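Thank you all for coming. Before I say anything, please take a moment to look at the sequence and the model on the screen.

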Amino acid sequence: MAQLSLDFTDVVILSTVGLLSAAYYFFFKKDSRVVVSPATSPAANATKKEITKSSAGKKSLVEKLRSQNNENQLVFFYGSQTGTAEDLATRLGTECTKKYSLPVLVCDPEEYDMMELVEWIENEGTESTLFGFFMATYGEGEPTDNTVDFYEWIMAGSGKGDDEGEEEIDDDELLESGSLRGLPYVAFGLGNKTYEHYNAIGKRLDQRLAKLGGVRVGELGLGDDDDSMEEDFLAWKTAVLVDIAKHFGLQVTASGAQRDAPHVPLFDLVNVAEDNALERIYYGEHSNKTPRRWQMLKNGTLDQEDDPKYVETEKTTYDSKHPHYGRILKSRPLFVDVHDEYGFDSNLLLPKAGHKRYQVSDCKVRIERHCLHVDLDLGDSGLKYVTGDHVGVWPVNDEEHVQRLAQALNISHGVLDSVVQLNPNKKNMSAANAKMPFPAPCTVRTALVNYLDVSSTIKQHQLEILAKYADDPAERTALFELSENRERYVTLIEKSRKDLADILEAFPSIAVPIVVVIGELLPRIAVRYYSISSSSVEEPTKVGITAVMVRYAIPSCHPAHRADDKKNDSVVIREGLATSWLQRLHEQRTESASRTNGAAAAPFSQEDEALPIPRFHLPMYIRTSNFKLPKNPRLPVVMVGPGTGVAPFRAFVRERFHLAKTRPEMQVGPTWLFYGCRHPDKDFLYRDEFEQMEKEVADGSVKLDLRILKAYSRVEGQKKQYVQHMVQQHAEDVWNMIGKQKGSFYVCGDAKHMAHDVHETLTALALDHGNLGTEERAKTWVKDLKSQSRYLEDVWA
Ligand SMILES: Cc1cc2nc3c(=O)[nH]c(=O)nc-3n(C[C@H](O)[C@H](O)[C@H](O)COP(=O)(O)O)c2cc1C
């Protein structure tokens, strides 16, 4: 997700503030993995203790590495939220295996006992194994969820990073300088310059490793998602491949695509006889513990089958690897009849007119905009959230898109519905440690609908694989050229976000085996995070999502474009995977409800009683954040959230209003929301709810200083207004609430422009109204506000 720019990404609202909450820490501490015994060797003395085998479900790193029995090897760790870091680690690893025959293990640090790094260095030395750290940064310079544990441990005592964490690490677990003496490593940080803490984790980890005695091989790579992560990675990779070869004393071979060598698939495809596999088949479950089975109970509610085999192994606590299936309780459109219009050159082939979601006329494409509010049921899952948290959901692909891909791959329904399993292909050196890309056995259709992202843009290096499967020499040459020429690739593929089906349609001689498609080419569908737009005080078992559908038109050239080839240039419509899926679910529910005269849409319809995963249930989990209301409700709250940035503020406002109404003795403080949209009658989200609350305040039935201050950018005859202008207009009030009364200031929405402008506005008003004298002091005041957690951002780039 984050590797795509926002114009195509489903608009998900993510926190930049909340990854290292106390809740997380508590969770990880429970999962304590070290057994400490008295020091027995000089080396152990250096770290005060001997760290022995892990416990509590973590794999032993040392045992794993020993079992590999390799003379030389690479071990790459990735800190990844949406898959980019994992992908880059895998790519560098695969290339090292191909070029230098170096075996590579690509690991999720969450799965291994990372403290055993110390033991490894002590006992095995530093010769044979080169480590790699591919680390993304999130939030206010925080690690990804899967690295929190490792990061807390390695940074403890360093005086950097998360202070809360540092306090909780036991003294005797602290690493001393030199504990990782000689540990050779390569490092690549993934970040985005739009954020204040650019690549903080990659940089800090690198410094820390050096302090602990690690020796970096090559430069520290830093990728900027705002510009081009891929180009930064490619430049770093080219250099680091040479450094790695030197490190191991290997011969450096010529780079570039090896056109003649055939592609050796990573996996073998094994057909599983259905009779033997029925109980083990996955139907789209995201946990690969054990497949689940559901059935309708007599009273009409839904439950998992009462089969002890499943119940025993099923986790009762849900997390990012074991999602709960939350039923959609309600979905409603937040605006209707809103369109985006795109004009194009008359020479471009326009999409067919008359589609239900867009109209085409002359050289214009008019696309409907949709925004939904969806309520998900937490039921008796035991999942809890606190207002301001995020919910993660896993979307599924549009079956029409899958059908199109199947057609382009020339595979029949028989193949689509066959039950398969992937086994490592012994002929591929990287296969031994390759991670299974999805839970299996499952049908090819399940893999393509539920697990793999068929709409992901084809990556440049994948075109080399496709070229090797093209029969037509001209197509082969064009594909190799695309895989080698960056500029050409960006213009013809990346800009118009061509996916696998697009490429197969443009190069019909490609005959790529299905095992390569599902095992290597398509990435796993990434979880999407939304800022929860309901209040846990008001609705503790219901989670609200606010999602605006991403759909737009874009010019596209034929991928084998030649200067005289313009007649093939066209306009394509692109959609965000998650938001278009939510919209489809909403339409199906509405349709189902209309068939049952408005009764709630049934999780199973008559025809599809055998559906393995019930309809309208979304795999989901809660991610804690520290984007939170002040503990003392009397303190003022100022919120700035245009567009879908209003999501968490709908929750904040509703919560404060609810408290003011039901518990007036709490004396809830001023509650001001700066909200922005295009037009009051078109895309004003939750207008009905806000107006109802304003009305109850105005007629005196609820005592609350509630203000919804609106900025409209597209009202005919009126000057464009944005939220920062409104904040400026109310500068004195804002200063009184934040500067004098010690309230909290919140921003949610676009990081690049809006959050930046609001930040500037706040600094300027502090200077004007706060008697601070100089701009420098105003900046310091804003910075202090942040460090006191009274200026919180939930923004995305
Ligand atoms: C909500 C959000 C917050 C982010 N915060 C930061 C940040 O504070 N600093 C930074 O350098 N990059 C930040 N990034 C950029 C990511 O680190 C970058 O997109 C990276 O490629 C993601 O890697 P992954 O796909 O492996 O998770 C953020 C991205 C998102 C979506």
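What we have here is a predicted model, in which local features need pLDDT of at least 70 and side-chain atom pairs count only at pLDDT 80 or more, while totals for chains, interfaces and linings use all residues. Residues are numbered from 1 along each chain as its sequence is written.

The domain assignment, whose bounds come from an automatic or database source, gives domain 1 (22–248), domain 2 (267–292 + 304–586) and domain 3 (637–796). Helices (H or I, at least four residues) and strands (E, at least two) are DSSP runs, numbered from the N terminus.

Now to the sheet, where five strands form an open, parallel arrangement in the order 4-3-5-6-7; two strands are taken to pair if DSSP finds at least two bridges between them. Strand 4 and strand 7 (215–224) stand at the edges with a single partner strand each, so one side of each is left without a neighbour in the sheet. Strand 3 (residues 73–79) and strand 5 (residues 129–136) pair over seven bridges, and Phe77 has Phe133 in strand 5 as its bridge partner. Helix 8 (residues 200–211) packs on the sheet, touching strand 3, strand 5, strand 6 and strand 7, and its direction makes about 160 degrees with that of strand 6. Helix 4 lies across strand 3, strand 4, strand 5 and strand 6 (184–191), running at about 170 degrees to strand 3. For these angles, axes are lines fitted to C-alpha atoms, for helices over the stretch in contact, and values run from 0 to 180 degrees between N-to-C directions.

Which backbone details deserve a second look? Most residues other than glycine have a negative phi, and most peptide bonds are trans. Ser101, in the loop between helix 4 (84–100) and strand 4 (104–107), has a positive phi near 55 degrees. Asp362, in the loop between strand 13 (358–361) and strand 14 (364–369), has a positive phi near 45 degrees. Finally, a cis peptide bond joins Ala440 and Pro441, with omega about 10 degrees.

Conventions. Contact = placed C-beta atoms within 7 Å.
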